[in-house]
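Here is a short note on the aromatic rings, meant to be read beside the model. Please keep the structure open while going through the points.

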Amino acid sequence: MFHIRYYHQMIVMCMLTLSFIMSISGTGVAFSRNPSTGENVMYGEYLINAQGEDVVAGIRTPQPIRKMKEVLPAAYAKFLENVEKLEHYFKDMQDVEFTVEKGKLWMLQCRNGKRTGVAALKIAIDLVNEGICTKSEALMKVEPGHVEQLLHPTFSPDALKSEAYTGGVVAKGLPGSPGAAVGRLVFTPKQAEDMKTKGENVILARETTSPEDVGGMWAACGILTARGGMTSHAAVVARGWGKPCVCGCSDIEVNEVNETVTVKATKEVFKAGDVISVNGATGEVIRGSIEVNTPTLEGNLGLLLGWADEEPGVMKVLANADSGPDALQAAENGAMGIGLCRTEHMFFSPERLPVVRRWIFHTECLDDLDHIKHFQRSDFKDLFVAMNGKDVTIRLLDPPLHEFLPRPAQVHEKTAEELGFGKDVKRMLARIESMHEENPMLGLRGCRLGIVKPEFTQMQVEAIMSAAADFMEESPDAKPHPRIMIPLIGSITEYKNQALIIKNEAERIRSERGIDVPYEIGTMIEVPRAALVSDKIAGLVDETDGKPLCKFFSFGTNDLTQMTLGISRDDSNGFIPRYLDLGIMLDDPFQTIDTEGVGFMVKHSASLGKSVNPAMSLSVCGEHGGDPRSISFFNDVGLNYVSCSPYRIPVARLAVAQARIQARMLEAKEEAKHHHTAVSHTQPKQSIVGNDSPHNVIVQ
C-alpha cells in the first residue's frame, strides 16, 4: 500500500512539474516587420505549451506575438534582440521560427520574409533610411511583381478566397493583360461605347479583336477573347492601355451574332448584359461580380524608381505610345522618350477609318492621302509636345492592309457608297477579295508597301517633319527629336530604297520651312535575314554626301520571334500551353525571349551593327521590352534602351536597374576571383583550418 501511495505521489509531482515546464515553454513564428504594410513592428503569433508546427497547423488558436511579453518577458526581450541582429545581418525583413524550452529561447530558422507590394516598397525605403542597406541593395529587395500589384486594379485577397470566386470560375484563358475587371457583357464596340457614356462598366467579348474594335476596347473596363495569344491584337492593345484582358480562352465560344458566351464544358450561357468578372493576371473568367481593389500609388514608388533611374550605366526605358494621351501617361510613369509609335494606330477612330479605307481602295485619290497626312501631322505634334527634348521613334506603316478593311459581313449599300463604290456592294466585295492574301503577315506590309506605294512613305515623312517644324515655330523652347523607323526590311536594297525617300523628303521640308529640324533614320530588325546582314545595313551611306543612312536598330522581337521560330503569335495558344506542361518549352517565347534562338539573332545583329558603327543606338521595342527576365538579357547584350507600354514602364524601370546591379555584382565577383588566383600564384601554399562554407548565424 505504501509503495502504491508513493508511486501515485510521484506521478502527481511529475505532472505538476511538467505542467510548470510547459507553462514556460512554447513556440512561435514571426516577421520582423508587418508583411502586409511594411510597418516596422513585430508581426507574428506564438503558442504556450506547444512545439514544432503547432502554430501553423491550425489545431489551436495562437496568441499575438506581443502577448508573449506578458508570459515570458525575458525570452521575449531576447527574441526582439535576436531578430534585430538577424535583420541587420541579412539586411532584410526576416521570417523567423523559434521555440522556448523551460524559459530559454532557441532560434530555429530564419529566411527573408514574403511581403505584399506595398510592404516591399516601404521596407526597402525604411532599410535605407535606417542605414541597414544601400539604395542598390534595397532595389534588389523589390520584385517586379510587387510593382505590378500597385499599377492595376486587383481582386481583394478576401475575394480571391471566397466561394463566389473559387466556385464561380467558369473558364480559363491566357493572362493577356494584368488587372481585375467587373462589368456587363457586350459584344460590339458600339455597345461598349454607348454603355460607357451611360456610366456602365462593361466587358467586351469578341472571338478575336481587330484594329476596328479599338473604340470599344477603350470604352470597356476589361476584354475577353476566345482566340489569340499573348501578343495578339487584344493583348497588346490592352497592355498598352493598362486594361485587364483574358485572351485565347478556348474554354468558351463567343457568338457575336447571337451575343452569347457559352462555356464549352458545362454549356452554361452568358448573354449580353450579364455581369462577369475577369482576372487578367490569371486568365480566369468568373461568374458574377467580385470585389475589386482600386490601385493607389504612394510616394514610395516614385522614390524607389528614382533610385532605379540613378543606377550608373542603367538602360533607359522608353514607351510604346501612339497618341498624345498615351505619351503623357508614359511621361508621368517615367518614360524617357518614345521608343515605338505605331502610326497605324492613328487610323482607327470612326471619323478617320473611312478615309484610310478610301485611300486603300482608290490609291489614285490624293485627296484622301492628304487628309491622312493632316491628322497624322496633328498627332505627331502631340507626341513631340508631350516628349519635348526626348527621342520620339516613329515607325512607318507596318501591318497588312487587310487589317483596315471591313469584313464582308459588314459591307452594305451605305458602306459601299461611303467608300466610293456608289451602291455597288458586289464590286466592293470583289475588290476586297482581290486584296486577299493567304499569309498577310508575310505579304504586302511594312517597307514593301512603302516601296510599292512610295507616296505613302513620302506622306508620312512630310507629316512627321512638318509637325516638328510646327512645334519649333510655335515655341522657342521646342526641341522635337523625331527618329523615323523603317519596318520589316529583309535586304540592304529595301532599306536603302526607303531611307533615301525619307531623307529626300525630310530635307525638302527643312529647306522649305527654313527650320533645322533634327532627325534620324533607322530600322526595326524583325526579319531574321536583316539580323544576319546588319553590318551591311549599318554601313550604308548616301553616295551624294557620304553620310551614314542608318543611325539605329530597334529589335521588333514580336515578329522576330514569330519568324525565327516559325510560330504564329496569334495561333500559338493551341499548343504552347501543352509545350509548357511537357517541358518542351520552359517559357512562352512571346512573353520571355528565347535567348538561344531569337536572343542569338539579337546579339549577333547588335554585334555586327556595332562593329561597323560603334555609336549605333540599339534597343528593343517588342513586348519583351517590358518583361523583367528578357530585360536582364538585353542588358547583357548591351542595348541602350528598352521600350514598352506606358503601364509597364514602372516595372521596366526597376528591372533595368536590377539587371545592371546584378551585372555589376557578377563583374565584382569575377574580379575578386581573378585577384585571388593571382595572389595564390605569388604566395606559398598554407594549410587551411576549417572550411569555406558561408557563415551560419546562430543566435540563442
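Predicted model: local features only at pLDDT ≥ 70, side-chain atom pairs only at ≥ 80, totals over all residues.

1. The structure holds 13 aromatic pairs. Two of them are described here: F347 with F404, and F633 with F634.

2. F347 and F404 form a tilted pair, with 5.8 Å from centre to centre and 55° between the planes. F347 belongs to the loop between β20 (338-342) and α15 (353-361), while F404 belongs to the loop between β21 (391-395) and α17 (413-418), so this pair ties together parts that lie 57 residues apart in sequence.

3. F633 and F634 form an edge-to-face pair: the centres are 5.8 Å apart and the planes are at 65°. F633 is buried at a relative accessible area of 14%. F634 is at 0% relative accessibility and is also buried.

4. Which residues do ring pairs link into a cluster? The cluster consists of F347, F348, W359, F375, F404 and F456.

5. K104 lies over the face of W106, at 5.4 Å from the ring centre. The charged end of R483 sits over the ring of F552, at 4.1 Å from the centre of that ring.

Notes:
Residues numbered from 1 in each chain as written. Heavy atoms only, no water. Phe/Tyr/Trp six-rings, centres within 6.5 Å; stacked < 30°, edge-to-face > 60°. Helix = DSSP H or I, 4+ residues; strand = E, 2+ residues; numbered from the N terminus. Buried < 20%, exposed > 50% of the residue type's maximum accessible area, 1.4 Å probe, protein only. Lys NZ or Arg CZ within 6 Å of the ring centre and 35° of its normal.
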